[in-house]
Amino acid sequence: MSDTHPAPLYSTLSHAEVRSVIIGLMLAIVLGALDQTIVSVSLPMMAADLQGVDLLAWVVSGYLIAVAVATPIYGKLGDLYGRRVMLSTAITIFLVTSIASALAPSMPFLVGARILQGLGGGGLISVAQAIIADVVSPRDRGRYQGYISGAFAVASVSGPLAGGLLTTYLSWRWVFWINLPLGLVALFISRRALTRLPVPKVKRPIDYPGAILMIIGLATLLIGITRVGQGASWVDAGNLRLFGATLVAMAAFYWQEQRAEEPIVPLGMFNNRTVAISCTILFIAFIQVVSLSVLIPLRLQMLTTVGADGSALQLVPLSLGIPVGAFIGGKLMTRSGHYKKIQLVGALIVPIGVLALAFVDPHGILPGIFCMGAIGLGIGIQLPTSTVAVQNTVEYRYVGIATAVAAFCRSLGAAIGIAVLMALLLAALQADAPASAASFSGGEIIKAMMGDATVHVNAMVKMQLAGTVENAFRQIFSISAAIAFVSFLLGMFIKDEYLGDAPPRTDEPAMVVD
């Protein structure tokens, strides 16, 4: 089949037009990313109001799972039907479900609304990033992807602080109402700014069986991993059924994608070393972003007198370091026309910073600030370099799905990383508990150290548990550092292609096509 996808617009757009598009895209990114974490501080109030503590964790997990599942589907539909209409659709879904979440009369209703909201959030992130490739030349994408990546990361990390302020001074329902003004502005700006965005002239068939199989496979996988992060065993009956369904669905998905005329995810894309490695680097980066934004405040609240608001404030160096790193990485990429060395620098800073954090006294504010700032800087450098590397190495008509797969890997890292690391933390707490608390589960130790009235311990036992908690967090941060170092090792094998002003070459097989 010949490629009749229209050529990119970046040669005809003025700087003012590009700036207008970027502002709309950044608002869309902020909407999708903010709702991944903004509800975390509000969860206790939601549970008290809606009387559904057993479903509480799914208010966050349901959204993350839906985002991860929806992301590659939006990318493909954007390639087929145009990214302007898909972005507008995603924003509309997100706004309608935000209203439903704000008005939720019960916890099951809220969880359902959050899952549907995630279906909109997945489109906000993936489609917005793909549009960059339509309106910005490869050489300049680093700078603009830096802005986008920075907005995404700041929204993800600052979500708990914003949620805490809204819940304290207004109501937990305002963490959803706040989406309406932001979303309406994003919808208005993006629709007006994207009127000239190219629309494919040929309508290709949609791989519905592949989409359904992918949804089943990913949903069962992420639900199983999320249950582990909430305290379930890896091999309990429920998880064995879920993981069995994952294997069957993903095997069927692989078979379907090999025979589909227009696969929902062209698996040949991963034959490209740059795509495979860059997606893995993004996966690992967001393991760090989301897990650290949860684990650092948790450690502070368990081992110090800092409360929820104070621990959230101590994340500021991390949240500021990420956009600074993204800006620096993007500027250096635009100036040099290359990404590999910049990517490697970021990939080396992160494991060093996380390992240092493992051995920093949680009472030491300045060393903690320095470590978190360095980690944020290293993560930020990796975000635009990896995304631009993916976009630069694939054929233009596959830019949407390639960008969506990269965004999917970020979402997958966020969902899997925190679930696995929390499961390891719970196991480490229970394994190292002193004899005076040998009957406590990991979750009960966390409650005891945070002063939960349902788990009462005396001062001596609490002092003994403090050593257990410190050792457990040291283990988890060391594991996290080892995971981060994998990015540096993989980055050594990536191809350092030149970022020119023209569309990517197609004389080399960037992926298996028709």
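**Stop 1: α4 and α5**

Select helix α4 (residues 83-102) and helix α5 (residues 107-135). Their axes lie 8 Å apart, and the two helices pack at about 155°. That angle makes α4 roughly antiparallel to α5. The crossing of α4 and α5 is left-handed. Color the contact by residue class: 16 residues are nonpolar, seven polar and three charged.

Some terms apply at every stop. Helices (H or I, at least four residues) and strands (E, at least two) are DSSP runs, numbered from the N terminus. Axes are lines fitted to C-alpha atoms, for helices over the stretch in contact, and angles run from 0 to 180 degrees between N-to-C directions. Under 35 degrees counts as roughly parallel, over 145 as roughly antiparallel, 65 to 115 as roughly perpendicular, and the rest as oblique. Left-handed means the near helix is turned anticlockwise from the far one by less than a right angle; clockwise is right-handed. Nonpolar covers Ala, Val, Leu, Ile, Met, Phe, Trp, Tyr, Cys and Pro; charged covers Asp, Glu, Lys and Arg; the others, Gly among them, are polar.

The model is predicted: local features need pLDDT of at least 70, side-chain atom pairs count only at pLDDT 80 or more, and totals for chains, interfaces and linings use all residues. Residues are numbered from 1 along each chain as its sequence is written, and side-chain values use heavy atoms, with hydrogens and water left out.

**Stop 2: α11 and α15**

Now select α11 (273-303) and α15 (365-393). Their axes come within 9 Å and cross at roughly 150°. So α11 is roughly antiparallel to α15. This crossing, too, is left-handed.

Stay on α11 and pick Gln288. Is Gln288 buried or exposed? Gln288 is buried, at 1% relative accessibility (buried is under 20% relative accessible area, exposed over 50%, partly exposed in between; 1.4 Å probe, protein chains only).

**Stop 3: the largest cavity**

A cavity is a set of points, on a 1 Å grid over the protein atoms alone, where a 1.4 Å probe fits but cannot get out; lining residues have an atom within 4 Å of a point. Grid points are joined across faces, edges and corners, and a volume is the space filled by probe spheres set on the points. The count is five cavities of 30 Å³ or more. The largest holds about 90 Å³. Of its 13 lining residues, select those closest to the centre: Arg299, Leu300, Gln314, Gly368 and Met372.

Which helix gives the largest share of the lining? α15 does, with four residues. Both α11 and α15 supply at least two. The lining divides into eight nonpolar, three polar and two charged residues.

**Stop 4**

Select helix α17 (residues 442-449) and helix α18 (residues 459-491). They pack at about 120°, with axes 11 Å apart. The two helices are therefore oblique to each other. Their crossing is left-handed.

Between α17 and α18 is a loop; pick Met450 there. Met450 is partly exposed, at 37% relative accessibility. Its C-alpha sits 6.4 Å from that of Gln301, 149 residues away along the chain.

**Stop 5: Val345**

Finish in helix α14 (residues 340-358), with Val345 selected. Val345 has a relative accessible area of 47%, so this residue is partly exposed.

Definitions and conventions. 1 Å grid on protein atoms, 1.4 Å probe; cavity = no way out; pocket = protein on both sides within 12 Å on 5 of 7 lines; lining within 4 Å.
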